[in-house]
Every structure is written in C-alpha cells, then in structure tokens.
Amino acid sequence: MKSLLYIFLFFAFTVGIAQEAIIEKPNQFSYGIVMGGNFYNIANNNTDNAYIPEDISPSFVIGVYGEYNFTKNIGVKIDANYYNKDFLFDIKDKLITMNFVDFSANFKYDFGETYREGFYLIGGPKISVIADADSENEDVKHHFETLNLGAQLGFGWRIYKYFDLQTKLEYEVTPFFKLDNGDSSNFFNAIVTLNIDIAKMIK
C-alpha cells in the first residue's frame, strides 16, 4: 500500500507542476498514465543459488509519467511504475513474490515533424526499489538488495493523438541478489506499455 501511495503522490506532484507549465509554455509539458506488461528473465552467474521466473506470463504494470520537450525533437520523460514479479529459488523450488516501484528518467528523440507525433527513441537510467518480498507468507525482503540501478533503451509510436505504444528493454546493472562468494542474479525486462496523454485530453 505504501508503494501505491508513493506513486499517487508522485502523480499529484507532476500534475501540480504541469498546471504551471501548461499556462506558461503551452504544448511543452505533458503528463499521463502508463499501463502494460513486463516480460522478465533472470541472469544468474551460478547454479547453486539460481532464480528462475515462475512462467513466461508478463506482470501487470501501472504508473504515471511526466514529459517535457526542449525542442520539436528532443525531450525528457520521467515515469514511476508499480508491478510485481513471481520467481522460484531453483534448488528449493520455492516461490517468491516481489513488488517493485521503478523510477526512470529518459531522454527522448522524436522523429515526427512536431514533438509527440510519430516514431521516437527513448533511453536512460532507472532506479528499481523492492517494496516488499514474501514467500509462503514469510517476509524475505532482507535476503535481497532493496535498491537496484538499471539502464533502459526503447522506442515508441504515437498511434493516436492521446496514446503512445512504447517498448523498453531494461538491464539491471546491480544485482537484486548477491552473496559474499560472488554468486549474483540480475533482472532483464522488456516492458510494453500504453501511455495515455491525460494533459492533452483535458486541454
């Protein structure tokens, strides 16, 4: 519940800034809602302490974003997303469920004649926070690294005047699990989302 509260506080803050930005500099600031799926896998550098996804089904992603364009082609997009991951501790076949809040700040290059029209590339850093982790009703968050850093690269398309279809590939540079003997595990993600431009809808 705290994770959801953080997202809504971030969204409220984004909306507050947007009100001023839209009045002072029309068509340069936007904000909206993110919905989609996260397809993920795990890279393990060992076999004794390995984690594997429970299945290939994506987890549901929900979040918000704020976006500002400096020119007709170049801008910055910041988002906060909430989702969960289910995976197994391989040697014990033990199911673990984690909930995450991700914050990312991406540079965006739009190939359209004007910003927010047509195809674009996007990329930048992200911070992933493990909000909670449990296994068989037991809190296991302390076994993992709470804060992880990653890199994103992707593309998108404004398929309709209010909607962007976006795909981002992610690799978490820091492991979510590591031991003193060097064993570690990192997440790979492919996030496919629909971004809804609320600022443009309510103009």
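1. Let's start with the neighbours of Asn148. Setting aside residues within four places in sequence, Asn148 is in contact (heavy atoms within 4.5 Å) with Lys126, Ile127, Ser128, Ile130, Glu172, Thr174, Pro175 and Phe176. Bear in mind that this is a predicted model, where local features need pLDDT of at least 70, side-chain atom pairs count only at pLDDT 80 or more, and totals for chains, interfaces and linings use all residues. Residues are numbered from 1 along each chain as its sequence is written, and side-chain values use heavy atoms, leaving out hydrogens and water.

2. Is Asn148 buried or exposed? With a relative accessible area of 1%, Asn148 is buried (under 20% relative accessible area, with a 1.4 Å probe and protein chains only). You will find Asn148 in strand β8, residues 147-160 (a strand is a DSSP run of E, at least two residues, numbered from the N terminus).

3. Now look at what the side chain of Asn148 does. The backbone oxygen of Glu145 lies 3.1 Å from that side chain. The side chains of Asn148 and Thr174 are joined by a polar contact of 3.4 Å (a pair of N or O atoms within 3.5 Å; within protein, one must be able to donate a hydrogen and the other to accept it, and residues adjacent in sequence count only if both atoms are side-chain atoms).

4. Follow Phe176 next. Beyond its neighbours within four places in sequence, the contacts of Phe176 include Tyr51, Phe87, Met98, Phe144 and Asn148.

How values were computed. Helix = DSSP H or I, 4+ residues; strand = E, 2+ residues; numbered from the N terminus. Buried < 20%, exposed > 50% of the residue type's maximum accessible area, 1.4 Å probe, protein only.
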